[in-house]
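This report describes a protein chain for a reader who has its sequence and its three-dimensional model at hand. Please keep both in view while reading.

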Amino acid sequence: MKFAVIGDPISHSLSPVMHNTNFKVLGLNDTYEALHIPVQDFDNIKEIITEKNLSGFNVTIPHKERIIPFLDDIDEQAKAVGAVNTVKIEGNKWIGYNTDGLGYVKGLKQVYPDLSNAYILILGAGGASKGIATALSQCVQPKLTIANRTMSRFDNWKLDINAITLQQAEQYLDEFDIIINTTSAGLDNNKESVIRLDQLSPNTLVSDIIYIPYKTSFLQQAEEKGNPIYNGLDMFVYQGAESFKIWTGKDAEIKEMKLAVLNQLKGE
Ligand code: ATR
C-alpha cells in the first residue's frame, strides 16, 4: 500500500522516515512519501492524490481545515475539533480523522499513567488545544481548564471546560498537576514564555507540544525550577501510530518509530 503526508512546507517532515521505519520493522512493502502541496494547488487535490494511488494520507500545516470539504465522511472526533490530520481512502471514498489529540494523550499516559483524577491546565485555544482537550475530556474526571490570550476564541467551543485568562492561569498555577502549552508563544527566537511560572508547584508536570526545539524556553524554565518536563515528540509518534492503525488495522512499532525520529533529530 502507498501512503503520504501533504503540507507546505513539507521537505523537513519526519513522517516519511518514521512510517517507513515502521513498515520495515513489520516486514511490510508499504511506502510513505512527502508531497509538497501549496495552497494554490489545493483545488486539484482529488486529482493529485488519485493519480498517486494512495490508501491513505496525513495532512499537516496549513491544510488540516482546508481538506474537510473534500471528504466523503468525517469521524466524530475530527468533526468536533474542526481539523483533520488523517485520511483513509476506501475505493473512491475519503474518510477524515484526527489522531493528534489521542496521540498526545496516549503519549502522556506513558509518563503519567493514571490521568483520571489529574487537574490539567491547557495554554492556548487553537486547533491543537481543542484536539487535546477533546481527547483528554474522555479520560479525565476533573473539568479541564483552558487559558487563552483572546477569550473570544472560546465562543465556538462545545466542550464543558473552565475558560480563563493567561493572567488567571499565572495566579492559580499551583492548583494543577499537569500544564500543557499548545501556544506558539516563545518560538521565533522569542525567549519570552506564554505565562510566568512563579506559582508553579514542585511536582507539576510541565509539557509543550513542540519537539523542535527539543526543549522550548517554556520547558527550560520549568526544568530549572526542578519540575518534570515532557515535550511533544511522543505526540508526533503516537499520532502516526494511530494513523497507521486507521489505515491498516495493525499496531505500529512505536519504539522503533520514536528511535528513527530521534536519530534524525540528532543528525540535524
Ligand atoms: P494550532 O492549530 O497550532 O493550535 P492556532 O489555531 O493558530 O494554532 O492557535 C495558536 C494558539 O497560540 C492560540 O491560542 C493563540 O492565542 P490567541 O487565540 O490569543 O491568538 C496562541 N498564541 C500564539 N502566540 C501567542 C503569544 N505570543 N502569546 C499568547 N498566546 C499566543
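In this predicted model, helices α4 and α8 pack with their axes 7 Å apart, at an angle of about 120°. Roughly perpendicular pairs end at 115 degrees and roughly antiparallel ones begin over 145, and α4 and α8 are therefore oblique to each other. Their crossing is right-handed. On the side of α4, the contact is made by Asp100, Leu102, Gly103, Tyr104, Lys106, Gly107 and Gln110. On the side of α8, Asp234, Met235, Tyr238, Gln239 and Glu242 take part.

Helix α8 (residues 233–248) also meets helix α9 (residues 254–267), and the two axes come within 10 Å. These axes cross at roughly 130°, and α8 and α9 are therefore oblique to each other. Here too the handedness can be stated: α8 passes α9 in a right-handed crossing. From α8 the contact uses Leu233, Asp234, Phe236, Val237, Tyr238, Gly240 and Ala241. From α9 it uses Ile254, Met257, Lys258, Val261, Leu262 and Leu265.

The UniProt record, in an unreviewed entry, lists "domain: SDH C-terminal" at residues 232–261. Over this span the chain is 80% helix and 0% strand, and its end C-alpha atoms are 12 Å apart. Another feature from an unreviewed UniProt entry, "domain: Shikimate dehydrogenase substrate binding N-terminal", is placed at residues 5–87. That span is 30% helix and 20% strand, with end C-alpha atoms 10 Å apart.

**Nonpolar cores**

In soluble globular proteins, nonpolar side chains tend to be buried together. Which residues have the most contacts inside the largest nonpolar core? They are Ile120, Leu136 and Ile180, in a core of 24 residues. The elements that give two or more residues to this core are α4 (100–111), β7 (120–123), α5 (127–136) and β10 (178–181). The largest share, four residues, comes from α5.

Not counting residues up to four places away in sequence, Ile120 touches Leu115, Leu136, Val140, Leu144, Thr145, Phe176, Ile178 and Ile180. A second, separate core has 18 residues, including Val5, Ile10, Phe244 and Trp247.

Helix α7 (residues 217–224) has the buried residues Ser217, Phe218, Leu219 and Ala222. The elements that cover these buried residues include β7, β10, β11 (205–208) and β12 (229–230). Just after α7, Gly226 takes a positive phi of about 90°.

**Buried and exposed residues**

Is Ser15 buried or exposed? Ser15 is found in helix α1 (residues 15–25). The limit for a buried residue is under 20% relative accessible area, so Ser15, at 6% relative accessibility, counts as buried. Apart from neighbours within four places in sequence, Ser15 is in contact with Val5, Tyr32 and Phe236.

Glu65 lies in the loop between β3 (56–59) and β4 (73–74). Exposed residues are those over 50%, and Glu65 counts as exposed because its relative accessibility is 57%. Leaving aside neighbours within four places in sequence, Glu65 is in contact with Gly82 and Ala83. Glu65 and Leu144 are 79 residues apart in sequence, and their C-alpha atoms are 24 Å apart in space.

**Backbone features in loops**

Most residues other than glycine have a negative phi, and most peptide bonds are trans. Asn53, a residue other than glycine, has a positive phi near 60°. Asn53 lies in the loop between α2 (45–52) and β3, and its relative accessible area of 59% makes it exposed.

| Cis peptide bond | Omega | Loop holding the proline |
|---|---|---|
| Asp8 and Pro9 | about 0° | Pro9: between β1 (2–7) and α1 |
| Ile212 and Pro213 | about 5° | Pro213: between β11 and α7 |

Methods
Residues are numbered from 1 along each chain as its sequence is written. This is a predicted model: local features need pLDDT of at least 70, side-chain atom pairs count only at pLDDT 80 or more; totals for chains, interfaces and linings use all residues. Side-chain values use heavy atoms; hydrogens and water are left out. UniProt positions are given in the numbering used here, feature names are shortened, and annotations may be inferred rather than shown by experiment. A nonpolar core is a set of buried Ala, Val, Leu, Ile, Met, Phe, Trp, Tyr and Cys residues joined through side-chain atoms within 4.5 Å. Buried means under 20% relative accessible area, exposed over 50%, partly exposed in between (1.4 Å probe, protein chains only). Contact means heavy atoms within 4.5 Å. Axes are lines fitted to C-alpha atoms, for helices over the stretch in contact, and angles run from 0 to 180 degrees between N-to-C directions. Angles under 35 degrees count as roughly parallel, over 145 as roughly antiparallel, 65 to 115 as roughly perpendicular and the rest as oblique. A crossing is left-handed if the near helix is turned anticlockwise from the far one by less than a right angle, and right-handed if clockwise.
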